[in-house]
Amino acid sequence: MNTNIEEQYSILPFFKKFEEVLKRKVGPKKEPVILLQGGFGKHNTGDDTLMLVAREEILKVYPDAKIYALCHNPEFLKRDYGVDGIKFKSFATIKALFKSDALIVPAGGLVNNIDYNSYIKSLFNPRGKFVFLSMLIMILRNKCTVVFGV
């Protein structure tokens with residue numbers, strides 16, 4: 001158990017581990033394709049901020065990474081944040097999952113609603129179903145999958 005109060009209230013140790021996981025799991029690729037998935041593009045400042053922070057941390061490790069966000073409103077993400085989005089429930093989403101090197105799910109309520117003790121229940125939860133299926137595709141492909149929420 002970590003008894004250092006300063007570290008407990010800091011997200012910095014998490015990002016150090018996040019960078020280590022990316023380097024180890026994605027490997028030495030110069031331009032990996034990395035997907036972000038969450039409730040982005042719905043004008044929710046919390047979700048959009050998590051997306052931007054994850055993007056910034058990925059670019060520290062892979063400055064030339066191709067980063068896409070699976071989202072609700074790709075036009076909004078591009079216009080307001082300069083992030084290329086792929087609309088949920090499109091064939092492009094499936095293609096992106098099979099071409100990507102990593103899936104990062106930085107989310108709040110979306111992640112908190114998934115029952116990690118019962119993946120079967122997650123399949124029947126409308127909010128968790130797509131995240132679960134995306135993660136399953138990436139895990140079966142033996143690709144890096146990182147989920148973090150607040």
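Select Asn44 and Gly46 at the start of α3: a side-chain oxygen of Asn44 comes within 2.9 Å of the backbone nitrogen of Gly46. Helices (H or I, at least four residues) and strands (E, at least two) are DSSP runs, numbered from the N terminus.

This is a predicted model, in which local features need pLDDT of at least 70, side-chain atom pairs count only at pLDDT 80 or more, and totals for chains, interfaces and linings use all residues. Residues are numbered from 1 along each chain as its sequence is written, and side-chain values use heavy atoms, with hydrogens and water left out.

Colour by pLDDT (the predictor's confidence in each residue, from 0 to 100). The protein has a mean of 83, with 77% of residues at 70 or more. Confidence is highest in strand β1 (residues 33–37), at a mean of 95, and lowest in helix α1 (residues 5–8), at 56. Where pLDDT is low, the predicted coordinates should not be read in detail.

Next, select α3 and show its side chains.

Move on to Asp64, in the loop between α3 (45–61) and β2 (66–71). Leaving aside neighbours within four places in sequence, Asp64 is in contact (heavy atoms within 4.5 Å) with Lys30 and Glu31.

Notes:
A polar contact is a pair of N or O atoms within 3.5 Å; within protein, one must be able to donate a hydrogen and the other to accept it, and residues adjacent in sequence count only if both atoms are side-chain atoms.
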